[in-house]
Amino acid sequence: MMHMTERPIRTDELVDSLRNPAAGAYASFEGWIRNHNDGLDVKRLEYEVYAPLCVSEGTKIIEEAHARWSILHAECVHRSGSLEIGECAVWVGVTSVHRDEAFDACRYIIDQVKVRLPIWKKEHYADGDSGWVNCERCGAHDGEHGHQHDGRKGHAR
Amino acid sequence: MKKKITVRYFALFREHAGISGETLESDADDAASLFEQLKHRHGSAEPSAHCKVAINDEMADWDSPLSDGDVVLLFPPVAGG
């Protein structure tokens, strides 16, 4: 199941929710807020989300993981709102009987979540400027749509 | 034929439009045509590639047909995680 939350992600509680005597493996991924991107000092991030579609599309991704790999359980939680450096922005947890399936499904879920869910992040920089991440992809049309791209911001991974 | 379409803008598109949404009359046959017609609003010059669209809370393709009363969500390039 996919969950969206405005509150800090408690990974310890989430791990406990996955405990299962049949599970021999647990793989997880945490995405953290880092203090730099493309040479710029990042002070905080703001996540804008469209929650209804995040939940439905995220749930589809998890169902796809279940169809592709023999896993016991998979969960994903993503934050919204304003996050500080070091905070957990996204967590994925997968259990399975053996490790390969847990690793593979976990990787699939985070990769798909990043490209399919309607989530946008705005970085706030030390110099007071801010920018939407990935916006550089429309940078070729700067002149046509008027907003500024300095070529340094964006494409965070 | 003109259709009544409700459009919602997100993130960068919302900032460009200066509004989070609007209801308008459009003769656009599909989502891509509507996106083109609203260029001056959402500020993007390309119809698809890295942008996404949803119709009535379902992810949709850019060539999806539009019907009277549809709610179209215009998503700039996403960046989750």
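Guide: An angle between two helices runs from 0 to 180 degrees, taken between N-to-C directions along axes fitted to C-alpha atoms over the stretch in contact. Keep that in mind for chain A. The model is predicted.

Visitor: What is the angle between helix H2 and helix H3 of chain A, and how far apart are their axes?

Guide: H2(A) covers residues 51–68 and H3(A) covers residues 99–116. They pack at an angle of about 150 degrees, and their axes lie 10 Å apart.

Visitor: Why are H2(A) and H3(A) called roughly antiparallel?

Guide: Set the value against the cut-off. The angle is about 150 degrees. Angles over 145 count as roughly antiparallel. H2(A) and H3(A) are therefore roughly antiparallel to each other. Their crossing is right-handed.

Visitor: Which residues make the contact?

Guide: H2(A) supplies Glu57(A), Gly58(A), Ile61(A), Ile62(A), Ala65(A) and Arg68(A). H3(A) supplies Ala105(A), Tyr108(A), Ile109(A), Gln112(A), Val113(A) and Arg116(A).

Visitor: How many residues of the contact of H2(A) with H3(A) are nonpolar, polar or charged?

Guide: Seven are nonpolar, two are polar and three are charged. Gly counts as polar in this scheme, and Gly58(A) is part of the contact.

Visitor: What makes strands E3 and E4 of chain A a pair?

Guide: Bridges do. A pair needs at least two bridges. E3(A), residues 36–37, and E4(A), residues 40–49, have two bridges and run antiparallel. They therefore meet the cut-off of at least two. Within this pair, Asn37(A) has Leu40(A) as its bridge partner. The hairpin has two residues between the strands, and Asp38(A) takes a positive phi near 50 degrees there.

Visitor: How many bridges does E4(A) form with E8(A), and how many with E6(A)?

Guide: With E8(A), residues 119–125, E4(A) has seven bridges in the antiparallel sense. Arg44(A) is partnered there by His124(A). With E6(A), residues 81–84, E4(A) has four bridges, again antiparallel. Leu45(A) is partnered there by Leu83(A).

Visitor: Now chain B. What makes its sheet one of mixed pairing?

Guide: Strands can pair either parallel or antiparallel, through backbone hydrogen bonds. E1(B), residues 3–9, runs antiparallel to E2(B), residues 21–26, over six bridges. E1(B) also pairs with E5(B), residues 71–75, in the parallel sense over four bridges. The open sheet of five strands, in the order E2-E1-E5-E3-E4, has mixed pairing.

Visitor: Which residues stand opposite each other there?

Guide: Lys3(B) stands opposite Ser26(B) in E2(B). Toward E5(B), Thr6(B) is bridged to Val71(B), and Val7(B) stands opposite Val72(B).

Visitor: Why are E2 and E4 of chain B called edge strands?

Guide: Each pairs on one side only. E4(B) covers residues 58–60. Neighbouring strands of this sheet are turned by 30 degrees against each other on average, direction ignored.

Visitor: How do you know what confidence the predictor has in each chain?

Guide: Look at pLDDT, which runs from 0 to 100. Chain A averages 89, with 85% of its residues scoring at least 70. Residues 136–157 of chain A fall below 50; in the model, this stretch has 39 contacts beyond near neighbours in sequence. Chain B averages 92, and 95% of its residues score at least 70.

Visitor: What ipTM and pTM does the predictor give the complex?

Guide: The ipTM is 0.92 and the pTM is 0.89.

Conventions: Residues are numbered from 1 along each chain as its sequence is written. Chains are lettered from A and ligands numbered from 1 in the order in which they are written. This is a predicted model: local features need pLDDT of at least 70, side-chain atom pairs count only at pLDDT 80 or more; totals for chains, interfaces and linings use all residues. Angles under 35 degrees count as roughly parallel, over 145 as roughly antiparallel, 65 to 115 as roughly perpendicular and the rest as oblique. A crossing is left-handed if the near helix is turned anticlockwise from the far one by less than a right angle, and right-handed if clockwise. Two residues are in contact if their C-beta atoms, placed from the backbone, lie within 7 Å.
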